[in-house]
Amino acid sequence: MPQIIETTCEQTCSLPEATEALAALDFDPRDWESTQVAAHWLRRLANNRGFLAERLIDRLAGRSNGEIGSGYGPQAVVLSPVRGNMFLRANIWPAETDLCMRNSGARSFVYGIPHDHNFSFLTCGYLGPGYRSDYFEYDYEDICGVPGETAQLRFVERSALHEGKLMLYRAHRDVHAQIPAQSLSVSLNVMHVDPAQCWFDQYGFDLDRGEVTGILNPNATEIFLRTAVASRMEEALEFAEWVGRTHPSDRLRLASFDARSGVVEDEDALWREGEMCGSRMVAAVAREQRAKLA
């Protein structure tokens with residue numbers, strides 16, 4: 001499960017102070033000392049009990065001048081621009097009895113969607129009893145990400161992100177299925193940004209079957225590639241062939257084979273090449289496609 005970080009800091013800071021300090025830190029979630037310093041600043045911000053309400057009222061009254069924005073779904077509030085390799089975010093977690101939940105449903109707020117993350121982030125309970133989670137761990141390197149693949153999830157515990165609780169969610173390791181908070185809650189996050197993270201998949205899971213259900217982070221590059229290949233331009237086909245052979249992202253390599261399968265004369269030969277390309281993801285799908293063709 002996410003690593004719990006103990007800190008007894010009682011100091012407070014403003015949002016600009018936290019943003020500047022974290023930007024200067026060059027937060028690295030793989031380094032424990034860096035993580036502890038970042039956690040210290042997140043705790044100081046969480047100790048400031050009025051900053052978020054002030055920012056939200058300014059936004060609602062039209063006085064924010066674009067200082068905060070929404071993103072990542074209806075409950076996420078981006079509190080700072082990307083600075084270096086991080087940005088700050090607040091997440092609002094409604095209870096089952098709240099009107100927005102009754103109107104939009106639990107899945108609109110990521111409740112009931114077991115998932116991992118393709119990035120690491122620090123989180124701290126800021127307001128309310130916090131969302132609850134069933135926590136699991138798994139080994140990212142052991143799966144290729146094909147829907148229906150066994151994920152070997154290991155259950156750890158069920159717990160809530162209550163006020164003051166501070167944790168590090170580790171990319172490609174921690175999985176959780178979130179359960180609605182018992183009353184309206186808010187968490188604060190320090191989000192780690194890695195330019196390469198868009199090439200690493202975030203998965204959804206079926207807990208009853210212990211399987212991967214699919215990829216949750218769509219990538220516009222896949223759609224661009226498919227559209228270019230559909231034009232049948234020679235340059236596009238040559239580029240797609242190069243992607244299928246050598247690109248570091250298995251998902252984009254698979255998109256290359258899938259896109260070309262609609263325009264080549266010998267589809268079986270193409271998927272046979274996919275079976276031998278060295279990517280477990282592409283090979284698994286290629287075997288399925290060849291079986292369908294047969």
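**Notes on the predicted model**

1. To start with the overall fold: the protein chain has nine helices and twelve strands. Please keep in mind while reading that this is a predicted model. Along the principal axes, the C-alpha atoms fill a box of roughly 65 × 40 × 40 Å. The chain runs to 294 residues, and 48% of them are buried.

2. As for secondary structure, at least two lining residues come from each of β8 (166-169), α7 (250-261) and α9 (280-293). Sorted by class, the lining comprises 13 nonpolar, eight charged and seven polar residues.

3. H172 belongs to the loop between β8 and β9 (174-179), and its phi is positive, near 60°, although H172 is a residue other than glycine. Is H172 buried or exposed? Its relative accessibility is 16%, so H172 counts as buried, the cut-off for that class being under 20%.

4. V110 also has a positive phi without being a glycine, at about 70°. You will find V110 in the loop between α4 (99-104) and β5 (121-127). V110 counts as partly exposed because its relative accessibility is 27%, a value that falls between the 20% limit for buried and the 50% limit for exposed.

5. Now to the aromatic side chains. The structure holds 13 aromatic pairs. One of them joins Y138 and Y140 in an edge-to-face arrangement, with 6.4 Å from centre to centre and 75° between the planes. Elsewhere, F119, F121, Y135 and Y169 come together as one aromatic cluster.

6. R49 lies over the face of Y126, 4.4 Å from the ring centre. R260 does likewise with F257, where the distance to the ring centre is 4.6 Å.

7. Strand β11 covers residues 203-206 and strand β12 residues 211-215, and the two pair in the antiparallel sense over four bridges. Which residue of β12 is the bridge partner of D206? That partner is E211. Four residues lie between the strands of this hairpin, and G210 takes a positive phi near 65°.

8. Finally, a word on G262, which sits in the loop between α7 and α8 (267-275). Its relative accessibility is 56%, so G262 counts as exposed, the threshold being over 50%. G262 and R290 are 28 residues apart along the chain, and their C-alpha atoms are separated by 14 Å.

Technical notes:
Residues numbered from 1 in each chain as written. Predicted model: local features only at pLDDT ≥ 70, side-chain atom pairs only at ≥ 80, totals over all residues. Heavy atoms only, no water. Phe/Tyr/Trp six-rings, centres within 6.5 Å; stacked < 30°, edge-to-face > 60°. Lys NZ or Arg CZ within 6 Å of the ring centre and 35° of its normal. Nonpolar A, V, L, I, M, F, W, Y, C, P; charged D, E, K, R; others polar. Pairing = 2+ DSSP bridges. Buried < 20%, exposed > 50% of the residue type's maximum accessible area, 1.4 Å probe, protein only.
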